[in-house]
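Visitor: I would like to learn how to read charged pairs in a protein model. Can you take me through one, step by step?

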Amino acid sequence: MQEVRLPTWREAWWRALYGRDGFYRRETPGSHFRTSVHASDLFAGALVRLARSAGLRRVVDVGAGRGELLAQVARLEPAWELLGVDLVPRPADLPPRVGWCTSLPADTTDALVVANEWLDVVPCEVVEVGRDGVVRVVHVDPITGVEKLGGAADEPATAWLSRWWDLAGAPPGARAEVGTDRDDAWVGVVGSVSRCVVLAVDYAHRLGARPPGGTLSGYRAGRLVDPVPDGSCDLTAHVALDSCAAAGTASGATASVLTTQRSALRALGVDGRLPSYGLSQSDPRGYLSALVRAGEAAELLRPGGLGGFGWLVQAVGLELPPGLGHADGILG
């Protein structure tokens, strides 16, 4: 009997998230994981200030999900042009003036284009060093999640690994997620815009500090679960944002900043300091409101949490606003 071929992780991952009955077509992502958008509208406010500082009055959200970020921006800037890009249908509760489409228009101009936690769910090949020392593609059973090593990684994957996640000499069992598909996705964004600032916000790691076991993970109902590509959970892996930055530059980005969310948000005015206790005496309600906002800011800035996320900011056809912060934390 001929052995049934198991799909590669890239193939199974794509079907699990984006297939006809995939996770993102059936589920509301906010029910399963918490992003900066869900944490506080301070995040949206910072993006508004970033857009303003670049002279932009339009926001495009790539991987817009259920449109939460755009709804917040709409409340902050009622006159701005807003567009969501996602495979799912346009959410019915969005403000009428928010546009919606399934792919980024190729003539996008004069906009802040945001990809918040989008690249980490772009499926990619997973590879592992076999007992023979060969870097092999990992295949997976879509129902059970049981894995099996397949053939050697192909030439494009090998070239990317050599430059960005070198497994030469790594022990058997060492793993990596090959970033070519994420690079291509980012190039698709950079190549579709002019006179824009493009921003990717994501779990990230840097050259020289890649995790030896890879980062492929599953999330369901806010909890970390085994990554099984059966459509029942979100599947995600950290992004080599430094590789995406290089790909964006090669495709026309004219300026770049690669930093952490903590550094960028602080530069954009997000402040987690507690209000003065004296305010509690003169304005108790104002004091409580300021405490809440300080708590929200602290969550966005926490180095071990959302504050440790990577920010890749690139300009296409214009100058980047000054003072976005310096590289620190995991991208330092």
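Guide: Start with the term. A salt bridge is a side-chain nitrogen of Lys or Arg within 4 Å of a carboxyl oxygen of Asp or Glu. Keep in mind that this model is predicted.

Visitor: What is the idea behind such a pair?

Guide: Side chains of opposite charge can pair when their charged atoms come close. Now a case. Asp 110 and Arg 195 form a salt bridge, with 2.9 Å from N to O. They sit 85 residues apart in the chain. Asp 110 lies in the loop between strands E4 and E5. Arg 195 lies in the loop between strands E10 and E11.

Visitor: How many salt bridges does the whole structure have?

Guide: The search finds nine. One of them joins Arg 10 to Asp 181, with the closest N and O atoms 3.0 Å apart. Arg 10 belongs to helix H1 and Asp 181 to helix H7, so the pair links parts of the chain 171 residues apart.

Visitor: Is Asp 181 buried or exposed, and how do I tell?

Guide: Look at the relative accessible area. Buried means under 20%. Asp 181 has 17%, so this residue is buried. Arg 10 has 35%, so Arg 10 counts as partly exposed.

Visitor: Which strands does the pair of Glu 81 and Arg 58 link?

Guide: Glu 81 is in strand E2, and Arg 58 is in strand E1. The two residues are 23 apart in the chain. Their closest N and O atoms are 3.3 Å apart. Arg 58 is buried at 15%, whereas Glu 81 is partly exposed at 46%.

Visitor: Which residues do salt bridges with shared partners join into one network?

Guide: Glu 128, Glu 147 and Arg 175.

Visitor: Now the whole chain. How many helices and strands are there?

Guide: The chain has eleven helices and 16 strands. Its radius of gyration is 21 Å, close to the 20 Å that the globule rule gives for 332 residues, so the chain is as compact as a globular protein of that length.

Visitor: What share of the residues is buried?

Guide: Of the 332 residues, 53% count as buried. The chain exposes about 15100 Å², and carbon and sulfur atoms supply 54% of that area.

Terms used: Residues are numbered from 1 along each chain as its sequence is written. This is a predicted model: local features need pLDDT of at least 70, side-chain atom pairs count only at pLDDT 80 or more; totals for chains, interfaces and linings use all residues. Side-chain values use heavy atoms; hydrogens and water are left out. Helices (H or I, at least four residues) and strands (E, at least two) are DSSP runs, numbered from the N terminus. Buried means under 20% relative accessible area, exposed over 50%, partly exposed in between (1.4 Å probe, protein chains only). The radius of gyration is taken over C-alpha atoms; the globule rule is 2.2 Å times the number of residues to the power 0.38. Accessible areas come from the Shrake-Rupley method with a 1.4 Å probe; for residues, only the protein chains shown count as cover.
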